[in-house]
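Okay, everyone, thanks for coming. Let me put the model up on the screen, and then I'll walk you through a couple of spots.

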Amino acid sequence: MQKKILDLIKKKNKSKIISLTAYSKNIASIIDKHCDLILVGDSLGSVLYNFSSTKKVTLDMMIEHSKSVRMGVIKSLMVVDMPYNTYRNPKEALTNAKKIISQTKCDAVKLEGGKKVCQIIKTLIKNKIPVMGHLGVLPQSATNFKFKGKNNIERKNILRDSKLLEEVGVFSIILECVESSLAKEITKVINIPTIGIGASAHCDGQVLVTDDLIGLNKISARFVKKYSNIEKQINDAALKFKQDVTKIKFPTKKHSY
Ligand code: KIV
């Protein structure tokens with residue numbers, strides 16, 4: 001197993017895992033120093049392209065954005081989401097995961113689901129492709145975005161799926177919008193790290209969409225905490241630029257040839 005993955009697993013029960021998303025080089029290079037794991041999430045479909053669901057994200061989109069992110073990531077483990085309809089069976093998944101790994105030079109891929117995708121994950125891992133799991137709310141197949149773990153059947157299934165994913169060899173699991181006590185139980189019973197988004201501080205780590213973190217994304221959810229207001233900073237800079245150009249304060253001689 002790659003050193004970066006082993007180091008991530010070793011963090012369980014020792015220190016929290018820090019994870020953020022990136023879709024481009026400039027953002028990736030800023031957050032790299034603070035992260036253990038950088039995810040090129042298919043959330044880029046809604047965040048950057050205004051898609052109503054991640055289902056419209058293509059393999060080519062993921063590959064192009066990941067190539068850009070790769071240029072900014074030095075230290076963190078880089079994981080790329082396999083988009084919708086690219087892992088419907090083991091053969092398709094293997095072809096597409098190999099394409100992602102070879103073209104983007106990322107360290108691992110992530111795919112959504114539990115029992116249904118176990119055979120697919122087994123095939124990838126057998127072919128030396130590290131896989132990260134994703135349980136709870138699964139945006140690629142969700143009909144609603146309500147948190148998971150409300151009733152016993154849901155709880156039993158998610159707990160069973162976490163154990164199955166660990167058994168087939170994923171190195172970590174994202175828990176998205178999973179009820180706190182269930183996230184706590186999963187984190188306790190499996191030996192690989194859980195990384196939560198809307199799944200409480202009981203998880204071994206936390207992930208957030210960077211555009212949400214910096215206040216660039218208009219749509220917000222309960223699990224988001226905005227740490228800065230980049231929208232305001234860009235607005236202020238654009239306004240200042242407009243005023244300077246209008247008043248012929250920019251460009252000056254210094255900026256001219
Ligand atoms: O696509 C994504 O950004 C994700 C995170 C929300 C975990 O899967």
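**A loop residue and a strand**

Let's start with asparagine 127, which is partly exposed, with a relative accessible area of 34%. On that scale, buried means under 20% relative accessible area, exposed means over 50%, and partly exposed is in between, using a 1.4 Å probe and protein chains only.

Quick bookkeeping: this is a predicted model, where local features need pLDDT of at least 70, side-chain atom pairs count only at pLDDT 80 or more, and totals for chains, interfaces and linings use all residues. Residues are numbered from 1 along each chain as its sequence is written, and side-chain values use heavy atoms, with hydrogens and water left out.

So where does asparagine 127 lie? It's in the loop between α6 (118-126) and β5 (131-136). Helices (H or I, at least four residues) and strands (E, at least two) are DSSP runs, numbered from the N terminus.

Now over to β3, residues 77-81, where five of five residues are buried. Leu77, Val79 and Asp81 point one way, while Met78 and Val80 point the other way.

Who are its partners? Two strands pair if DSSP finds at least two bridges between them. β2 (residues 37-40) pairs with β3 in the parallel sense over four bridges, and there isoleucine 38 stands opposite methionine 78. β4 (residues 108-110) also pairs with β3 in the parallel sense, over three bridges, with valine 79 opposite alanine 108. To get from β3 to β4, the chain crosses through helix α5 (residues 90-104), and this β-α-β crossover is right-handed: with the strands pointing away from the viewer, the path from the first strand over the helix to the second runs clockwise.
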